[in-house]
Amino acid sequence: MILCGFLGCSALADVPPGQRAEVEHLIAYLATSHCVMIRNGKRHDGEEAAQHVRRKYEYFREKITSTEDFIARSATKSTMSGRPYEVQCPGEEPLSSADWLLAELAALRSNRQDQ
């Protein structure tokens, strides 16, 4: 715990190494999707949405301790307005971004277990 004195314990927090690939996968999944993220009533293509989520991840990194925490802090709602984010894919109704990303995370983990 001496290290905490120099750096502050929160500086040591981040997604565990075994889950960092999951975070990167989710950001890439968003960037390459044909879906839009609706933030504060404005539509953003996948690349714009991914850039926004990555910036929030970098900002909140010290408070994020799991992939699920990454989703909750970086990709779920506006920090300013508190309004939830939604993802709308072509021909589908909008979903909460949390549900959309958690479904992809579950699929990713399931695929890894099947291998």
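In helix α3 I find Gly46, Ala49, Ala50, His52, Val53, Lys56, Tyr57 and Phe60 buried, where buried means under 20% relative accessible area, exposed over 50%, and partly exposed in between (1.4 Å probe, protein chains only). Looking down the axis of α3, I see these buried residues fall within an arc of 160 degrees, so they line one face of the helix; the arc is that of the directions from the helix axis to the C-beta atoms.

The model is predicted, so I note that local features need pLDDT of at least 70 and side-chain atom pairs count only at pLDDT 80 or more, while totals for chains, interfaces and linings use all residues. Residues are numbered from 1 along each chain as its sequence is written, and side-chain values use heavy atoms, with hydrogens and water left out.

Turning to the face of α3 away from its buried side, I find the exposed residues Arg55 and Tyr59. I then looked up what covers the buried residues of α3, and the cover includes α2 (17-32), β1 (36-39), β2 (42-45) and α4 (67-74); helices (H or I, at least four residues) and strands (E, at least two) are DSSP runs, numbered from the N terminus.

At the N-terminal end of α3 I find Asp45 as the cap, with a side-chain oxygen 3.1 Å from the backbone nitrogen of Glu47.

Last, I checked the sheet, which is open and has 4 strands in the order β2-β1-β3-β4, with antiparallel pairing (two strands pair if DSSP finds at least two bridges between them). I record β2 and β4 (95-96) as the edge strands, each pairing on one side only.

Technical notes: Contact means heavy atoms within 4.5 Å. A polar contact is a pair of N or O atoms within 3.5 Å; within protein, one must be able to donate a hydrogen and the other to accept it, and residues adjacent in sequence count only if both atoms are side-chain atoms.
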